Amino acid sequence: MRVLLIGSGGREHALALGLAADPSVDFLAAAPGNPGIAQVAELHDVKATDPAAVAALAVELAADLVVVGPEAPLVAGVADAVRAKGIACFGPSAAAAQLEGSKAFAKDVMAAAGVPTAGSYACTTADEVARALDELGSPYVVKNDGLAAGKGVVVTEDRAVAERHAAECGTVVIEEYLSGPEVSLFVVTDGTAAVPLMPAQDFKRLADGDQGPNTGGMGAYAPLDWAPQDLVPRVLRETVEPTLAEMRRRGTPFAGLLYVGLALTPDGPKVIEFNARFGDPETQVVLALLETPLGGLLNAAATGTLAEHPPLRWREGAAITVVVASRNYPGTPRTGDVIEGAEVPGVIHAGTARRDDGALVSAGGRVLSVTAVGPDLAAAREAAYALVDSVRLDGAQYRTDIALGAVEGRISL
Ligand code: AMP
């Protein structure tokens with residue numbers, strides 16, 4: 001199978017490693033890729049969000065399968081353009097990717113499908129915002145309606161901060177605050193059949209103790225030994241199956257990766273958000289534990305044959321990833337700093353670039369995603385932080401408490 005992977009972040013490096021390890025994948029290309037991905041794939045300098053250019057590259061490479069990593073190309077219609085050329089694509093159509101592209105659309109689908117989620121209002125005027133904030137109360141949750149790279153959400157007890165964020169965004173969704181530990185569940189689907197992967201937990205805030213601003217994600221781990229036994233079947237029954245059915249009913253079936261972000265509230269799991277693609281950095285840990293060949297699984301979803309795919313196999317043990325971010329992330333990050341010690345197994349590249357003189361330099365906010373597996377979470381954690389210590393990047397920021405609560409048994413439901 002000849003595979004073209006679209007994207008350039010840590011998620012795509014993890015996907016590239018999984019695809020390259022699949023014996024059925026005999027050719028792997030990526031666009032635009034990054035220096036880590038370049039170790040396992042042929043890179044092409046094509047813009048990920050240009051549907052015509054991606055489709056033309058897929059034809060030129062005689063790709064059998066295109067795997068789209070990030071949300072922006074999906075929302076731009078890359079999967080539609082690839083499929084129009086008769087090439088299988090892992091990733092939803094632009095219409096179905098609205099489940100991530102518009103929070104208001106996602107809420108509408110959830111309401112129609114009867115999915116448990118936070119009560120909410122879509123607001124555009126200051127009056128509507130004020131009424132929603134009054135009704136739902138503090139802590140206030142204000143979400144930019146459109147794509148915001150994981151940074152469009154403000155959760156605050158400060159009414160003025162909530163109002164300011166709403167005014168800056170234009171259209172917002174204001175919703176009820178959900179309490180309880182958060183879980184990310186990835187579901188591979190061809191629009192009808194649904195195969196859940198292993199639930200993971202990510203860490204959205206910048207600093208230890210869940211302090212500081214929201215980010216794209218600062219670390220993740222799996223499995224979640226503390227999660228309820230029936231979590232996955234319950235979420236499939238209450239959330240995934242009704243959502244897929246509603247998307248089929250609307251004539252826009254969702255095929256690809258449905259990311260279900262959940263809060264495990266005292267009333268049961270409720271959806272915080274849907275994404276239309278693998279989560280970053282949870283992908284790094286989930287794929288580190290997946291033994292089933294990745295290319296075959298994604299191809300089954302892309303070709304509507306997922307119901308015939310064999311059950312997934314998982315490696316024993318646990319995985320953890322620690323994101324190393326550049327100075328000033330999630331503000332305007334400083335880039336161009338030299339990185340040393342990052343070209344070793346386990347160090348997944350997110351925002352890196354190769355300078356003309358061959359040096360590896362930072363090129364984005366989240367620079368590396370340092371990943372390790374171990375016989376248990378404590379061992380995986382120790383290995384990941386030892387690897388973090390061996391990397392040098394001036395001004396690096398990373399959390400020191402990824403998976404610590406789980407290792408110490410401090411997560412309560
Ligand atoms: P989102 O981009 O929707 O995943 O939101 C980013 C983060 O904001 C989530 O991971 C949560 O930590 C927090 N968040 C979003 N919605 C809610 C909510 N309704 N209640 C509590 N926290 C929320």
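Colleague: How many helices and strands does the protein have?

Modeller: This is a predicted model, in which local features need pLDDT of at least 70, side-chain atom pairs count only at pLDDT 80 or more, and totals for chains, interfaces and linings use all residues. Residues are numbered from 1 along each chain as its sequence is written, and side-chain values use heavy atoms, with hydrogens and water left out. Helices (H or I, at least four residues) and strands (E, at least two) are DSSP runs, numbered from the N terminus. Counted in this way, the protein has 13 helices and 24 strands.

Colleague: What percentage of the residues in the protein is buried?

Modeller: Buried means under 20% relative accessible area, with a 1.4 Å probe and protein chains only. Of the 413 residues, the buried share is 56%.

Colleague: Are helices α1 and α10 roughly parallel or roughly antiparallel to each other?

Modeller: Axes are lines fitted to C-alpha atoms, for helices over the stretch in contact, and angles run from 0 to 180 degrees between N-to-C directions. Helix α1 (residues 10-20) and helix α10 (residues 282-289) pack at an angle of about 15 degrees, with axes 8 Å apart. Angles under 35 degrees count as roughly parallel and over 145 as roughly antiparallel. The two helices, α1 and α10, are therefore roughly parallel.

Colleague: Which residues make the contact of α1 with α10?

Modeller: Contact means heavy atoms within 4.5 Å. On α1 the contact is made by G10, R11, A14 and L15, and on α10 by T283, Q284 and L287.

Technical notes
Parallel < 35°, antiparallel > 145°, perpendicular 65-115°, else oblique. Buried < 20%, exposed > 50% of the residue type's maximum accessible area, 1.4 Å probe, protein only.
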